[in-house]
Amino acid sequence: MHRTPLHWFYLLPALVLATLAKVPADEPTTAFPYTVTDETKDRELSAAMRRSFEHYPAPRLEDNELYSQFKYTPLKGFDYHGGDGTVSRRDATKVVRENGRYYVWYTHRSTPTPPKGPDKCTDTIPSTDWDLAEIWYATSDDGFTWTEQGVAVPRPTKPNPGWRSVATPGVLKFKDKFYLYYQAFSEPSMTRGDYCPISVSFADSVDGPWTPANTETVPTGKPGEWDQYAVQDPNPLVHNGKVYLYYKSAFNRPHALWVAQGLAIADNPLGPFIKHSLNPVMNSSHEVALFPFRKGVACLSIRDGQEHFTVQYAEDWINFEIASITELMPVAAGPYVPDAFTDSGDGRGITWGISHFKNATRNWSHQHSILTRFDCDLSLDVDDPEM
Ligand code: AAL
């Protein structure tokens with residue numbers, strides 16, 4: 001390459017600096033990884049650079065297999081009554097593939113009016129979007145067009161847990177049987193917060209029928225414990241032959257809301273569930289999506305808390321670290337996790353799932369939520385998924 005005087009004007013200082021920094025002058029200074037020599041290997045690093053090497057799985061974002069952005073596509077097949085707030089679908093489970101098609105379960109509300117808030121709710125008027133709800137399910141051949149199949153878990157009769165509302169399900173397949181865990185409300189949501197335990201229904205077939213256990217399968221904690229008021233958002237996986245059920249609680253309630261995630265482990269999906277002594281195991285996130293990844297478990301930590309909008313990883317399934325920071329994450333994501341229940345010890349990650357969007361939080365007049373599809377790049381088996 002012919003060098004003009006102007007080239008040397010810029011190049012000479014760079015060569016001097018490169019020599020001083022002991023970087024060979026012919027190495028492009030933007031190359032990565034930088035050449036480590038005896039002189040540079042013990043070089044002192046700033047806190048930010050040390051964190052990049054020591055804390056994250058890969059110092060460069062591009063090399064971080066637990067980083068993704070998210071693409072959204074509307075789903076076909078769901079009717080929302082023109083968005084008048086009387087029909088809502090939200091908080092989807094993981095997507096499961098059985099009998100050659102995809103299944104998803106979700107909170108379904110169909111009420112004569114939209115929610116009217118905790119002060120104006122009645123036996124037929126919902127307090128919130130997930131009050132007076134049931135667990136419904138839908139199936140699909142391609143993940144984009146869905147056929148709603150109807151109710152899977154109706155509200156049980158009073159006074160069984162969930163008589164007021166059953167919402168926010170998580171699905172499990174364990175030893176060829178199926179389990180749906182869900183929040184079991186015995187009072188209208190938001191009248192005292194969202195105080196509820198987790199209950200379960202079980203079935204021999206993915207198509208049901210579902211039998212309710214009518215128990216507080218994962219109960220709230222004892223007075224003074226972090227989860228004494230509510231256990232929510234059940235998220236079961238299989239690990240080491242056991243059910244690992246992650247769940248959310250809001251501690252400090254009713255004073256200052258701080259949401260965090262706990263872990264409860266059981267040999268039998270119907271319980272008893274033993275809550276982990278280190279709970280909460282995550283310090284953030286209103287809704288999480290968990291999936292086996294390599295030896296450990298990865299988690300989309302979606303919103304709320306110091307570590308919201310991060311993807312986290314726990315090789316021992318308990319002690320989570322931030323793997324990446326991202327944006328526009330799927331709300332209450334239910335990913336398609338082919339190996340969620342296979343206990344393979346070598347999780348392969350995810351490429352898509354179902355998320356929800358809600359149209360309002362404080363304005364009750366048309367409040368409802370819709371299901372949508374998200375696609376992402378968190379799979380070890382796909383080199384360059386189309387984003
Ligand atoms: C959701 C979930 C739980 C809450 C409510 C319905 O996002 O965290 O399910 O109770 O909001």
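Q: How do the residues of the shell around the ligand divide into nonpolar, polar and charged?
A: Three are nonpolar, four polar and five charged. Ala, Val, Leu, Ile, Met, Phe, Trp, Tyr, Cys and Pro count as nonpolar; Asp, Glu, Lys and Arg as charged; the others, Gly among them, as polar. This is a predicted model: local features need pLDDT of at least 70, side-chain atom pairs count only at pLDDT 80 or more, and totals for chains, interfaces and linings use all residues. Numbering runs from 1 along each chain as its sequence is written.

Q: Which residues are around the ligand?
A: Among them are Asp-91, Trp-130, Asp-233, Lys-248 and His-286. A residue is near a molecule if its C-beta atom, placed from the backbone, lies within 6 Å of it.

Q: Which strands each supply at least two residues of that shell?
A: Strand S7 (165–174) and strand S11 (232–239). Strands are DSSP runs of E, at least two residues, numbered from the N terminus.

Q: Asp-233 is in strand S11. What is phi there?
A: Phi of Asp-233 is near 50 degrees, a positive value in a residue other than glycine.

Q: Is Asp-233 buried or exposed?
A: Asp-233 is buried, because 26 other C-beta atoms lie within 10 Å. The cut-offs: buried means 20 or more other C-beta atoms within 10 Å of its own, exposed 12 or fewer, partly exposed in between, with C-beta atoms placed from the backbone.

Q: And Lys-173, where is that?
A: Lys-173 lies in strand S7. Lys-173 counts as partly exposed because it has 18 C-beta neighbours inside 10 Å.

Q: What does Lys-173 touch?
A: Val-96, Phe-178 and Phe-341, not counting residues up to four places away in sequence. Contact means C-beta atoms, placed from the backbone, within 7 Å.

Q: New topic. How many residues has the largest nonpolar core?
A: It has 84 residues. Val-104, Leu-180 and Ala-298 are among those with the most contacts inside it. Such a core is a set of buried Ala, Val, Leu, Ile, Met, Phe, Trp, Tyr and Cys residues joined through C-beta atoms within 7 Å.

Q: What is Ala-298 in contact with?
A: Leaving aside neighbours within four places in sequence, its contacts include Leu-66, Phe-291 and Tyr-313.

Q: Last one: what joins Gly-208 and Pro-209?
A: A cis peptide bond, with omega about 0 degrees. Pro-209 lies in the loop between strand S9 (198–203) and strand S10 (211–212). Another cis peptide bond joins Asn-279 and Pro-280, where omega is about -10 degrees.

Technical notes: Helix = DSSP H or I, 4+ residues; strand = E, 2+ residues; numbered from the N terminus. Contact = placed C-beta atoms within 7 Å.
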